[in-house]
Amino acid sequence: MGWITEDLIRRNAEHNDCVIFSLEELSLHQQEIERLEHIDKWCRDLKILYLQNNLIGKIENVSKLKKLEYLNLALNNIEKIENLEGCEVLTKLDLTVNFVGELSSIKSLKHNIHLKELFLMGNPCADFDGYRQFVVATLEQLQWLDGKEIGRSERIQALQNYPVVEEQIREQEKAYQLRRAKEKEEALGKLAEGCEQEDKKTNPGTDGLPSTDIPVTLPSSSENKEQVQLPEIQEDARSTKKLNGSEDDLEFWNKPSLYTPESRLETLRHVEKQRKEQEKLSKKKKEVKPLRTLVTDSGKALNVNEPKLDFFLKDDEKHNQIILDLAVYRYMDTSLIDVDVQPMYVRVMVKGKPFQLVLPAEVKPDSSSAKRSQTTGHLVICMPKVEEIITGSRQTAKSVKPMLDGNREQMRTRCHLPVESPGSLT
């Protein structure tokens, strides 16, 4: 069930800098909302309110919206027009494809003297004989009905025939209300039956037969064959459960059903149930997802690029080092990157995803350094080789301990490299 919350309204008020008290237009369509509430307290300056394609069953809590000009409640579960007297400047009301069967309830709109447009097509009352004549005669301020302009001659004729038409409408309303009462009764019985079947599925021992506790004996070491079969039995049970779930879903969608407020709610409940079951299944799959192999059992490191990043590996013979340029996302926080240099490979964890590269020569992990560019975000790892260069002025490798500026954080690792973010790096 969808609820109208302050957070929901703020998320749909980006055009007003997420400020809700001064909102003039609000769209909450397709939110599975079942009850209209809170809006008249939080958004009193509303002029336009879109609530189409929800599951709202009653018009309520809008009487304080004194500035409301347009209210769209199409494709909901509304059966009666009510509680709109307080919307003093309402000019357009859209109730297309609802369940309004009490056509006489439009009399409550007489107080909305500025109402010019009304949409009732797709409602049961729109099929009543004399429907348009009754609405035109009842709401004399109306200029458009169901997208069709009301002419002067049409209104005069409707007013002349009003007594006869009103009686016809009253009789059709009574017949419809009897039919709706029967539909509601059937829906309640169907709901009770569904709950009973659900209880039987979840508690098979409560179907009228006494449940018995069967002692379970664990197989001994000599019963290896039976032990091997246990996972197969569990797998079969899971497969059977999945098959039954698919059959139930297919049965639900193939079952004939009337289009009523109850059937719309039932469909929503079923879809929500299927979604939750799918989420549970996806969560279980994620939990049992095998870890990626980075080093084989024989100790051989593998090349892995799970984050799918571009990179460039350079053998800098002049400085006797290997340089890895990894195209890390520019605006990614450094705390999400973990660098680990080993003698024969380098590993970088980017948001938990491993990038691992086997090096062409042995390097010195303790003398390596890692820096990020503030302009490109690239991560550059310099790894001195184990072989030393013999030059006139011999230099020894030193452990690099770079300082980080305020925009980057040092990565906390076991013996991993800290990362420096210089002002510029190429």
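The legends below describe an overview and several close-up views of one predicted model.

In this predicted model, local features need pLDDT of at least 70 and side-chain atom pairs count only at pLDDT 80 or more, while totals for chains, interfaces and linings use all residues. Residues are numbered from 1 along each chain as its sequence is written, and side-chain values use heavy atoms, with hydrogens and water left out.

**View 1. The chain as a whole has seven helices and 16 strands.** Helices (H or I, at least four residues) and strands (E, at least two) are DSSP runs, numbered from the N terminus. Of the 426 residues, 35% are buried, where buried means under 20% relative accessible area, exposed over 50%, and partly exposed in between (1.4 Å probe, protein chains only). The chain exposes about 26,900 Å², of which carbon and sulfur atoms supply 51%; this area comes from the Shrake-Rupley method with a 1.4 Å probe.

**View 2. Helix α3, residues 131–138, is largely enclosed by the rest of the structure, because seven of its eight residues are buried.** The buried residues are Tyr131, Arg132, Phe134, Val135, Val136, Ala137 and Thr138.

**View 3. Thr260 lies in the loop between α6 (224–254) and α7 (261–287).** Thr260 is buried, with a relative accessible area of 9%. When its neighbours within four places in sequence are left aside, Thr260 is in contact (heavy atoms within 4.5 Å) with Phe99, Arg180 and Glu183. Two of these contact partners, Arg180 and Glu183, also belong to a network of salt bridges that links them with Glu79 and Glu262. A salt bridge here is a side-chain nitrogen of Lys or Arg within 4 Å of a carboxyl oxygen of Asp or Glu, and the structure holds 17 of them.

**View 4. In helix α1 (residues 6–11), Asp7 and Arg11 are four residues apart, and therefore separated by about one helical turn.** Their side chains meet in a salt bridge, at 3.0 Å from N to O. Asp7 is partly exposed at 47% relative accessible area, and Arg11 is likewise partly exposed at 49%.

**View 5. Glu167 and Arg170 lie three residues apart in helix α5 (residues 162–202), about one turn of the helix.** The closest N and O atoms of their salt bridge are 2.7 Å apart. Glu167 has a relative accessible area of 39% and is partly exposed, as is Arg170 at 37%.

**View 6. Glu279 and Arg275 are four residues apart in helix α7, about one turn of the helix.** They form a salt bridge whose closest N and O atoms are 2.5 Å apart. Glu279 counts as partly exposed at 43% relative accessibility, and Arg275 counts as partly exposed at 38%.
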